[in-house]
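The stops below proceed from the whole chain to single residues.

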Amino acid sequence: MPDTAENLNDALLAEALRGACRHAPQRSDWPAFLHAADKHGVLPLVADAAAAARWDTDFLAAIRPAVAAHIVLDMLRQGEVRRVLASLTAAGVQPLIIKGSHLAFTHYRSPDRRPRL
């Protein structure tokens, strides 16, 4: 069962993603907040929301390395998707891309913003 701090972080994440949270969490809460954002796969989206809301620049600097890691991971995933699609095409298979990968390229500012496996 989630504890109170976890519920508060989840509520704050939801507010941030809706654009309804105008201030960063307290500095002492950053690690738990960032952990919750990462656990839910929304860390890059939270970074976008925090930048749009002009949260504390120290918070934005603290989140930047984790967002960069998401971008690098997504670049690796894109390469793998391209390799798999090329192999399927060469084998005469016409894949249908749905959910995560499809939405990442059609509905998000950049594909690394869409959590997927």
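Helices (H or I, at least four residues) and strands (E, at least two) are DSSP runs, numbered from the N terminus. This is a predicted model, in which local features need pLDDT of at least 70 and side-chain atom pairs count only at pLDDT 80 or more, while totals for chains, interfaces and linings use all residues. Residues are numbered from 1 along each chain as its sequence is written, and side-chain values use heavy atoms, with hydrogens and water left out.

**The whole chain**

Begin with the cartoon of the entire chain. Five helices and zero strands are present, and the order from the N terminus is α-α-α-α-α. Along the principal axes, the C-alpha atoms fill a box of roughly 55 × 35 × 20 Å. The radius of gyration of the chain is 17 Å, whereas a compact globule of 117 residues would have a value near 13 Å; the radius is taken over C-alpha atoms, and the globule rule is 2.2 Å times the number of residues to the power 0.38.

Of the 117 residues, 31% are buried, where buried means under 20% relative accessible area, exposed over 50%, and partly exposed in between (1.4 Å probe, protein chains only).

Colour by charge. There are 14 positive and 12 negative side chains, and the centres of the two sets lie 8 Å apart. Lys and Arg count as positive and Asp and Glu as negative, with His and the chain ends not counted; the place of a charge is NZ of Lys, CZ of Arg, CG of Asp or CD of Glu.

For contacts (heavy atoms within 4.5 Å), consider pairs with a separation of 6 or more: residues 24 or more positions apart account for 58% of them.

**The nonpolar core**

Select L13, F33, V46, W55, F59 and I63, which touch the most other members of the largest nonpolar core, a set of 20 residues. Such a core consists of buried Ala, Val, Leu, Ile, Met, Phe, Trp, Tyr and Cys residues joined through side-chain atoms within 4.5 Å. Two or more residues come from each of α1 (4-18), α2 (30-39), α3 (43-52) and α4, and α2 gives the largest share, five residues. In soluble globular proteins, nonpolar side chains tend to be buried together.

Now centre on V46. Apart from residues up to four places away in sequence, V46 touches L13, L17, F33, A37 and I63. V46 is also one of the buried residues of α3, together with L43, P44, A47, A49 and A50.

Move to N9 in helix α1. N9 has a relative accessible area of 11% and is therefore classed as buried. Beyond its neighbours within four places in sequence, N9 is in contact with A32, F33 and A36.

**Loops**

Select R54, in the loop between α3 and α4. R54 has a relative accessible area of 74%, so the residue counts as exposed.

Proceed to D29, in the loop between α1 and α2. D29 is partly exposed because its relative accessible area is 37%. Draw a distance from D29 to K99: these residues are 70 apart in sequence, and their C-alpha atoms are 33 Å apart in space.

Select T89, which is placed in helix α4 (residues 57-90). Is T89 buried or exposed? T89 counts as exposed because its relative accessibility is 54%. From T89 to F105 the sequence separation is 16 residues, and the C-alpha to C-alpha distance is 20 Å.

Finish at S101, in helix α5 (residues 99-106). Setting aside neighbours within four places in sequence, S101 is in contact with V81 and R116.
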